[in-house]
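The following note sets out numbered remarks for a colleague with an interest in the geometry of this model. Please read them alongside the sequence and coordinates shown below.

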Amino acid sequence: MKGELFSSTHMVRPAVEPGMTVENAKCLKYAVNGEMLARQGAMVAYRGSLKFERKGQGVGGMLKRAVTGEGLPLMAVRGQGEAWFAHEAQNCFIVEVEPGDEFTVNGRNVLCFDASLSYEIKTVKGSGIAGGGLFNSVFTGQGRLGLVCEGNPLVIPVSAQYPVYVDTDAVVGWTAHLQTSLHRSQSIGSMLRGGSGEAVQLMLQGEGYVVVRPSEATPQKAQQH
């Protein structure tokens with residue numbers, strides 16, 4: 001076969017080492033030699049001797065999504081082979097978590113991760129009931145975490161002098177040692193008159209980075225994740 005479709009631009013490359021790599025802007029490849037974890041339904045292709053097992057629906061088997069608190073079911077992938085993961089043609093990125101690191105991430109942005117990583121579901125401090133019960137997962141340990149994002153994310157430095165205010169529907173995640181709280185940007189009177197539509201944001205203070213996607217999740221879109 002000939003044609004641009006069959007050029008090296010689109011042809012997959014052989015894995016040179018076990019683990020996660022970026023296949024292209026919209027897809028991650030995982031060379032499995034043992035076990036890894038991924039969101040259910042994210043596998044688009046695989047080859048080799050792999051088995052896919054749904055994880056339980058309990059607290060240990062799902063990532064609670066921000067705002068709605070709904071779960072993101074996971075699956076374990078075991079064996080030897082290669083698997084490709086993607087979600088709605090969103091952009092893919094890899095975060096390398098090292099010992100002592102801590103990365104808090106919104107469940108809707110998780111694509112896949114190394115089994116060597118641990119995660120704990122936590123309520124975002126300072127969000128309370130007013131934030132709809134913001135649930136994120138905190139990843140620790142050593143390994144790679146694959147993320148998806150609608151568009152190219154913004155990575156914004158946070159410092160003690162310059163806190164960052166983020167729309168709760170746009171935040172992807174943030175690094176360790178950042179303190180969170182809700183910030184109201186307009187008065188009740190302004191809200192009753194229509195306001196700006198940006199009444200409450202998540203304020204992050206300290207030293208670190210916050211990752212933001214360049215769009216907000218609409219209620220219809222959020223229900224699909």
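**Remarks on the predicted model**

1. The secondary structure of the protein chain comprises 2 helices and 17 strands; helices (H or I, at least four residues) and strands (E, at least two) are DSSP runs, numbered from the N terminus. The model is predicted, so local features need pLDDT of at least 70 and side-chain atom pairs count only at pLDDT 80 or more, while totals for chains, interfaces and linings use all residues. Residues are numbered from 1 along each chain as its sequence is written, and side-chain values use heavy atoms, with hydrogens and water left out.

2. Of the 225 residues of the protein chain, 43% are buried, where buried means under 20% relative accessible area, exposed over 50%, and partly exposed in between (1.4 Å probe, protein chains only). The accessible surface of the chain is about 11,700 Å², and carbon and sulfur atoms account for 55% of that surface. These areas come from the Shrake-Rupley method with a 1.4 Å probe; for residues, only the protein chains shown count as cover.

3. Contacts (heavy atoms within 4.5 Å) were also examined by sequence separation. Among those in the protein chain between residues at least 6 apart in sequence, 77% join residues at least 24 apart.

4. The antiparallel strands β15 and β16 are joined by 7 bridges, and Leu182 stands opposite Leu202 in β16.

5. Gly206 belongs to strand β16 (residues 200-206). Is this glycine, Gly206, buried or exposed? With 15% relative accessibility, Gly206 counts as buried. Leaving aside neighbours within four places in sequence, Gly206 is in contact with Val158, Ser159, Ala160, His177, Leu178 and Gln179. Gly206 and Gln161 are 45 residues apart in sequence, and their C-alpha atoms are 8.3 Å apart in space.

6. Rings of Phe, Tyr and Trp (its six-membered ring) pair if their centres lie within 6.5 Å; planes under 30 degrees apart count as stacked, over 60 as edge-to-face and the rest as tilted. By this rule there are 4 aromatic pairs. Tyr46 and Phe52 form an edge-to-face pair, at 5.0 Å centre to centre and 65 degrees between the planes. Tyr46 is partly exposed at 41% relative accessible area, and Phe52 is partly exposed at 29%.

7. Phe113 and Phe139 also form an edge-to-face pair, with 5.1 Å between centres and 75 degrees between the planes. Phe113 lies in strand β8 (residues 110-114) and Phe139 in strand β10 (residues 135-141), so the pair ties together parts that are 26 residues apart in sequence. Both Phe113 and Phe139 are buried. Ring pairs link Phe113, Tyr119 and Phe139 into a cluster.

8. How many disulfides does a search of the whole structure find? The search finds 0 disulfides, a disulfide being a pair of cysteine sulfur atoms within 2.5 Å. For Cys92, the closest cysteine sulfur is that of Cys27, at 6.3 Å, which is too far for a bond. Cys92 is buried at 6% relative accessibility, and Cys149 is buried with a relative accessible area of 3%.

Conventions:
Two strands pair if DSSP finds at least two bridges between them.
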